[in-house]
Amino acid sequence: MAEKLQFDLVSPEERVFSGAVDMVVVPGGDGDFGVLPDHAPLMSTIRSGAIAVHDGGEVTKTFIHGGFAEVTPAGLTILAEEAMKLADVDRDQVAQDLKNAREDVADAEDEHERRLAEERVGKFEALTAALADG
């Protein structure tokens, strides 16, 4: 049996995934990176986007927003502020959420409100892109 990578994906609400996989592609703060068994240790922020978990010829994608990834000799751990399986996402709701966030930017009464609304726009734009990629 080929060597596997121990992968854990954790959000504040739950442990989303824990198990041995072939590879994980992570949307890092400085660009996407793939993690295989025996990867060199590293720590990275993550940007909003989809992680791709490769195992046994199948690829499962999960959208993550905020957080960081850590690779150690024990495996890969991603602590995400938010995580959702792309297969469970309602595309129409995401489109509406993006529209609402853009309206919130236009209606913001101060810089703080505008910055928060712009962050939501970025999140929903990244989620829309992840859904388009499939």
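Is Asp110 buried, partly exposed or exposed, and what is its relative accessibility? In this predicted model, Asp110 counts as partly exposed because its relative accessibility is 36%, and buried would require under 20%.

**Asp110 and the charged patch**

- Asp110 sits in the loop that lies between helix H1 (91–107) and helix H2 (111–133).
- On the surface, Asp110 is part of a patch of negative charge, together with Glu103, Asp107, Glu109 and Glu113.

**The nonpolar core**

- The largest nonpolar core is made up of 19 residues.
- Inside this core, the residues with the most contacts are Phe7, Leu9, Val24, Val26, Ile64, Leu76 and Ile78.
- At least two residues of the core come from each of these strands: S1 (5–10), S2 (15–21), S3 (23–28), S4 (31–35), S6 (49–55), S7 (58–72) and S8 (75–85).
- Strand S8 gives the largest share of the core, with four residues.

- Side chains of opposite charge can pair when their charged atoms come close.
- The structure contains nine salt bridges.
- One of them joins Arg102 to Glu125, with 2.9 Å between the closest N and O atoms.
- Because Arg102 is in helix H1 and Glu125 is in helix H2, this pair ties together parts that are 23 residues apart in sequence.
- Arg102 counts as partly exposed at 45% relative accessibility, and Glu125 counts as partly exposed at 36%.
- Another salt bridge links Arg120 with Asp104, where the closest N and O atoms are 3.0 Å apart.
- Arg120 belongs to helix H2 and Asp104 to helix H1, so the pair ties together parts that are 16 residues apart in sequence.
- Arg120 has a relative accessibility of 34% and counts as partly exposed; Asp104, at 34%, counts as partly exposed too.

**Other salt bridges**

- Lys4, Asp22 and Asp55 form one network, joined by salt bridges that share partners.
- Arg15 and Asp8 meet through their side chains in a salt bridge of 3.0 Å, N to O.
- Arg15 is exposed, as its relative accessible area is 52% and the cut-off for exposed is over 50%.
- Asp8 is buried, because its relative accessible area of 13% falls in the range under 20%.

Note on methods
Residues numbered from 1 in each chain as written. Predicted model: local features only at pLDDT ≥ 70, side-chain atom pairs only at ≥ 80, totals over all residues. Heavy atoms only, no water. Patch = residues over 30% accessible without salt bridge, like charges linked within 9 Å, V, L, I, M, F, W, Y side chains within 5 Å. Areas by Shrake-Rupley, 256 points an atom, 1.4 Å probe, with all protein chains shown as cover. Salt bridge = Lys/Arg side-chain N within 4 Å of Asp/Glu carboxyl O. Lys, Arg positive; Asp, Glu negative; His and termini not counted. Charge placed at Lys NZ, Arg CZ, Asp CG, Glu CD. Buried < 20%, exposed > 50% of the residue type's maximum accessible area, 1.4 Å probe, protein only. Core = buried A, V, L, I, M, F, W, Y, C linked by side-chain atoms within 4.5 Å.
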